[in-house]
Every structure is written in C-alpha cells, then in structure tokens.
Amino acid sequence: MTSPGRPVPFGFVVHPPTLRHVRKAIPAMRFVPDGLVMSLIRHQKPYLISRVRRIGSILGHEVQGFFVVCPLLPKQMLELETESVIERIVGAGKIAERLGAKVLGLGGYTSIVGDKGIKVASRLNIAVTSGSAMTAWSAVEAIRRLAVRRGVDPARSTLAVIGASGSIGSLCTKVLASSVRKVVINARHQDRLERLRVQLAASCPTEVRVEMDAHKAVAESDFIITTTSAPDALFSAEELRPGSIVADVSVPKNISKVEHSRNDVTVVDGGRVKLPGHPEFSVDIGLSRGVVYACMAETMALALEGRLENFSLGDNISPDKVEEIGRIGQKHGFEVWLGDGAGAEVKEEGQ
Ligand SMILES: NC(=O)c1ccc[n+]([C@@H]2O[C@H](COP(=O)([O-])OP(=O)(O)OC[C@H]3O[C@@H](n4cnc5c(N)ncnc54)[C@H](OP(=O)(O)O)[C@@H]3O)[C@@H](O)[C@H]2O)c1
C-alpha cells in the first residue's frame, strides 16, 4: 500500500444530467427549444462552477476543491465522437489543474466515456480517478451493514448483481462472492458475464450462475446490487423476495420509485457517502446535507490522504482497491450513507 502524503486540493468534473439542469444553471436558455440548447452547449467551454472551501477529516486535515462543469449531456457524451468528448473532459481537468488541484475525480458519464479515464489521465499533469472503487465499497458496505441490522446471515444468502459485467458491478461481485452462499450475475451480454464467472470460479468456491433474465435474478435473491447504465427503472419493489436487501447504485435508479406495499424489503440508494462535519457546497448536489456521491468521496479521500495516483481507472480495477479506499475513507471519518432510517422507503431524490 502506498504511504499517505500531504493533503492536497482536488478537482471534480461534473456535467448537467438533463436539459432541465442546463436551463436551471443558465436561465437565458429557459425558453430556447431543446435542439438549440443541445447545439449551444456542444460548443460551450468547460467552466468552474463551485469552490468547495473545506472538506474535513476527523484527523484534523482540510482540503479545498474545485467543481468544474463539462457542459455536455449524458446522451451527447455517448453519441458525439469520443475523441471530442475526451478533449472537453481534459479541458475541464486543465481548469482544475490551473487552480491548483492535484487530484481530479471524474463524475457521472465523464468516467464512462472511451477507456474510462485512462486517456484523460494521460493528457493531464495531475492524478485522475473514476470513483468506481468507493462506489463499489459503498454498495458492498451497505449490504454488509444492513445484513447485520436485519439479522440476515450472508453465508446462507444469495446475492444478485444486476450489471455485474460493468466496472462497479464486477468489483462488487468479486468483493462479496466469497462471503455468500450463491451469486447470480446478470447483464445484457452473456459473453462478458461468462468471463466473469470463469474468473470467479478460479478464485472462490462459491457457486456463481449467469442469469440472463434480470427479473428471475432478483426474485431468487436475498441481497441485490443494481449497478447498470440502463436509462430507465428495471424493477418494481413488488418483484423482490420477502425480506430482501437492495443497494441501488445506478443513476438513474433501477428500482422504480412508484408507491409500493412492501414493508418487508429494504431498498437504499447505494453510491452515497456521509462526510464528517458540516461541509458547505455552494452548489446544490441534490443530496441530504453532508452526503456526497461515492465518486466525489473517493476524490476527496485521496486528496485528504495526499495519494497522487490514478487510483481507479479503466475496466480492470483490482478488487483490493475497494477495501483500500473504504479504509482510507473511514480513517478520515467518511461513512456509507444508508438514508434517513433506511427501511422500505423508496423515495424520490433530485439529482
Ligand atoms: N453514486 C456514484 O457515485 C456513482 C459513481 C459512478 C457510477 N455510478 C452509477 O453506477 C452505474 C454503473 O456504472 P459503471 O461505471 O459500472 O458502468 P459500466 O461499466 O458501463 O457498466 C454498466 C453495466 O450495466 C449493464 N447493463 C446496461 N443496461 C442493462 C440492462 N438494461 N439490464 C441489465 N444490465 C444492463 C452493462 O452490461 P450489458 O451492456 O451487457 O448489459 C454493464 O454490466 C451507472 O448507473 C452509474 O451512473 C454511480
């Protein structure tokens, strides 16, 4: 393990998740038609949206940070030429670099484009990270804590991971597989799931089954982690097995937010971390006070720790990084956020 250095400033790249967010940030766009807004932001330069003065650690250190906007929508990041999107992300990174950031986190779709941050990192002079390790840690930790709270024994339980072949899903699967009785993995492409199954079989004795029907996978499982890039909800709480525990990491969420009558199931918004103290943000990130997305928390933890390295980039992140970033975060007082009284509630939350 690399030893800690001095705390350093950080940068974090964000982007508008929807057209509604673009119009909120630039009121002049309020009456401009959708198509025109999309083509205007396509040529807009990245810009600094917020300076975060104090992110503190229980060890007494503090760091400041810079949130920089890469002004493209998710759809544009997936559909425009990859190289031009990467250049816009690099442009946002350079702003953070000029302001003094030493480590840069890639938020939302900026961590998914192209080779998942590797090219971006190669074009900047500061460390870059995707946040995938702490996002996986937050989901794994949520399942572990809720299992203890609900008195469910993992060794007798089945875990389903929906989106198991993705960056976060494969990390969650690899970290949790050895502690459960059975693992069911699901995504749309079978070949990638089979590769994961073979990889797991070589390192752990737990039975791992590929299930191409996501509805069947959740119906037979006690623990469920959903971490897909699906643009819409995939399940309703009504489909869940009695007493099941779900960490829904996906943005947008995979468990539908509609009213349901399942008081026996526990569904938490995975991928959230509570920071120590009362950090102030000048922008509304849409979460409860002091709670940030796990990918932001990874960047903040690395900055507090002075870890100037490309911590979690690309598709082959070591599962050891998941426990490591969890330890670093906890050392500075970061905790997984399980919601306000995580019960059966499935509540709407602004992004
Ligand atoms: N809270 C946070 O801080 C945070 C940070 C990063 C990411 N996230 C969220 O976490 C999720 C996963 O991110 P990632 O980086 O792991 O993405 P990724 O590497 O692109 O993986 C996405 C996974 O979803 C699967 N998938 C896509 N559509 C599906 C569907 N309809 N049904 C079942 N599986 C489906 C993909 O496999 P197939 O293509 O084979 O289906 C793949 O396994 C995203 O929603 C992202 O926004 C949250």
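**Strand pairing and helix packing in the predicted model**

In strand E5, Thr129 is the bridge partner of Gly105. The model is a predicted one, in which local features need pLDDT of at least 70 and side-chain atom pairs count only at pLDDT 80 or more, while totals for chains, interfaces and linings use all residues. Residues are numbered from 1 along each chain as its sequence is written. Strands (E, at least two residues) and helices (H or I, at least four) are DSSP runs, numbered from the N terminus, and two strands pair if DSSP finds at least two bridges between them.

Strand E4 (residues 103-106) runs parallel to E5, to which three bridges join it. Both belong to an open sheet of five strands with mixed pairing, in the order E2-E3-E1-E4-E5. Strands E2 (47-56) and E5 (127-129) stand at the edges with a single partner strand each, so one side of each is left without a neighbour in the sheet. On average, neighbouring strands of this sheet are turned by 25 degrees against each other, direction ignored. Helix H4 (residues 82-99) packs on the sheet, touching E1, E2, E3 and E4, and its direction makes about 145 degrees with that of E3. Such angles run from 0 to 180 degrees between N-to-C directions, the axes being lines fitted to C-alpha atoms, for helices over the stretch in contact; contact requires C-beta atoms, placed from the backbone, to lie within 7 Å.

Strand E10 (residues 245-248) is joined by four bridges to E9 (residues 223-226), in parallel, and by four bridges to E11 (residues 266-269), also in parallel. Phe223 stands opposite Ile245, and Ala247 opposite Val268.

Note on methods
Contact = placed C-beta atoms within 7 Å.
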